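This briefing covers the ligand site and the aromatic contacts of the structure shown below. Please keep the structure in view while reading.

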Amino acid sequence: MTGFQWVLASALGFLIALVWVRRVLRRLVVWIKRLRSGELIPAPVPLWSFFWPVANEAAKMGKDLYEARRIAEQEAHLRWKGQSRWTPERLKNHVQVLLHGRPFVLIANREPYTHVRDGGKIRCIMPASGLVTAVEPILRACGGTWVATASGDADRETADAHGRLAVPPDDPAYTLRRLWLTEEEEEGYYYGFSNEGLWPLCHIAHTRPIFRIEDWQQYKKVNQKFARATLDELAGTKNPFVLIQDYHYALLPKMIRDERPDARIALFWHIPWTSPEAFAICPWAREILQGMLGADLMGFHIQSHCNNFLETAERLLEARIDWDQFAVNRSGSKTVVKPFPISIAESTLRGRGEEQTPASAREEVFKQLGMNVQWMGVGVDRIDYTKGIAERFRAIERFLEKYPEFQRKFSFVELGAPSRTGIKRYNDLGQELQDEADRINARFQKSGWKPIIFLKDQHSQQTITRFYKAANICLVTSLHDGMNLVAKEFVATRTDRQGVLILSRFAGASQELRDALLVNPYDVDEGAEAIYRSLTMTPEEQSSRMSRMHTILEEHNVYRWAADIMTELNRIHPDDSF
Ligand code: G6P
């Protein structure tokens, strides 16, 4: 080889080496960038490579970085935990650490955002629902998917071809997946089996449940529809978290579990659970229990609902109950059953309450209703036979009978929101309550005064807050209630620490709000005495009772409820390999 050829060969060799080195370096740079962003992936060079020592050191650094990041996250998490108050930010941090990038899907019948046509425009509304208020913060925190029934007349055109849209519309944080039901499905699943079957079955309110085979068929069909949509959302993911809400989806946990054994599934039952004898009258009781037991975690508001559920599973399915751990063990699977008392976003309500003083609220309400009394009571409910509204009216009647000095001086305002009016029992109830109010009014009313003012409408949160502030007493007299958030809202709104809450012993809220005057709503005399006692209570006693209830609500707010469920769900899954 000539000298020239040597130079040429070396130059070519050098060039090839340069291209190779550059290519490897480029790959290494991409890899290091991915390490930095937290991905632990093997180095893109073989062991014998010239670059292996560098890659090896970088891999170690990547691992250290990853560990440091995890420790920092955990420390931040512990710092959050050290605080006793739960806030949306704290929940967000907590849930992010728990999920650690794993997907999250929530299923609830009510959608959090409805699009409706209003004149020529489309408006987006957030339905006034306790459930929506309670679970929305979780989705905002961890950005998963909420699967729900479409309910607005402009829902279709505001979602994509799969029914998906990013919400909240002005600051997207998670995906809403809408499902459309046929009229027949809605009739059978929602009005029929959910609300004429399961609702009266679970509430001891002496309204007979109606079980129709056609409703049951539709209920199963809609549960399947939701299961398919949920599985769709989970496709291609590992170890997802699935949080199912309420009695509309008793069959869903098993349907999902059968397809996705790696999922962690919780079902939260927002209404009471009755005794095994009462539940057994449902012709499909066993199938319902089997469906529910597909969940790893079953949540109720209070311990006695959990106990009733465990006894029902023991009797009807002959399942083995672990009473130490409150768990149902069946053919290799385990469902933990625990109470999680739901609550409100106390700080938001406190904020709303501060916008107006009780005096100005009172002035506005009295002017609006042409009222001129010394004391005012308020009730806020969906018009539902479980709420004990007629019993409440009768307690007022008895109070005015026993203490005539309060006639002309006390009026009660019922803000009743028509609900489930597609069901005859609910439709009739509106009229029955109106007749009862008219009867009592006719008995006592004098010029310019009547004891009961019944306002049937969908009242805005702002109106309700105004009435809470203006009232001396709030009456919550449910015959049976999972929790009842009106009781908690009234307390949270009263930042002046005045006012008295009269609360049914049969509402879940009575377990926490022990400073309310607790009554048996069926006992008209007890109700009348409680009204008398609250209207004659000293401001000091009102203040100390209210203050104690405030502390409870500050510590046990809805963010804590959500965090507790997610923590428990994360803790109990036995064979998650993550
Ligand atoms: C009540 C119950 C919830 C239930 C909701 C449904 O608030 O406590 O458990 O989800 O009603 O109401 P809806 O108006 O959607 O039938």
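In this predicted model, an oxygen atom of the ligand is 2.5 Å from a side-chain N or O atom of Asp246.

**Ligand shell**

- The residues surrounding the ligand are Arg110, Leu131, Tyr190, Trp199, Asp246, His248, His270, Ile271, Arg382 and Arg420.
- By class, this shell holds four nonpolar, two polar and four charged residues.
- Arg420 and Trp199 both belong to the shell, and the charged end of Arg420 sits over the ring of Trp199, 4.1 Å from the ring centre.

**Arginine over a ring elsewhere**

- Arg156 lies over the face of Trp180, with 4.3 Å to the ring centre.

**Aromatic pairs**

- The whole structure contains 30 aromatic pairs.
- Phe193 and Trp284 are one of these pairs, with an edge-to-face arrangement, 5.9 Å between centres and 65° between the planes.
- This pair joins distant parts of the chain, 91 residues apart: Phe193 is in helix H5 (residues 183-202), and Trp284 is in the loop between helix H8 (276-279) and helix H9 (285-292).
- Phe193 counts as buried because its relative accessibility is 0%.
- Trp284 also counts as buried, because its relative accessibility of 13% is under the 20% cut-off.
- Phe268 and Trp561 form another edge-to-face pair, with centres 5.1 Å apart and planes at 90°.
- Here too the pair links distant parts of the chain: Phe268 lies in strand E8 (residues 264-268) and Trp561 in helix H19 (residues 558-572), a separation of 293 residues.
- Phe268 has a relative accessibility of 1% and so counts as buried.
- Trp561 is buried as well, with a relative accessible area of 3%.

**Aromatic cluster**

- One aromatic cluster is formed by Tyr189, Phe193, Phe211, Trp216, Tyr219, Phe226, Tyr249 and Trp284.
- Phe193 and Trp284, the edge-to-face pair described above, are both members of this cluster.

Notes
Residues numbered from 1 in each chain as written. Predicted model: local features only at pLDDT ≥ 70, side-chain atom pairs only at ≥ 80, totals over all residues. Heavy atoms only, no water. Near = heavy atom within 4 Å. Polar contact = N/O pair within 3.5 Å; in protein donor to acceptor, adjacent residues only side chain to side chain. Nonpolar A, V, L, I, M, F, W, Y, C, P; charged D, E, K, R; others polar. Phe/Tyr/Trp six-rings, centres within 6.5 Å; stacked < 30°, edge-to-face > 60°. Helix = DSSP H or I, 4+ residues; strand = E, 2+ residues; numbered from the N terminus. Buried < 20%, exposed > 50% of the residue type's maximum accessible area, 1.4 Å probe, protein only. Lys NZ or Arg CZ within 6 Å of the ring centre and 35° of its normal.
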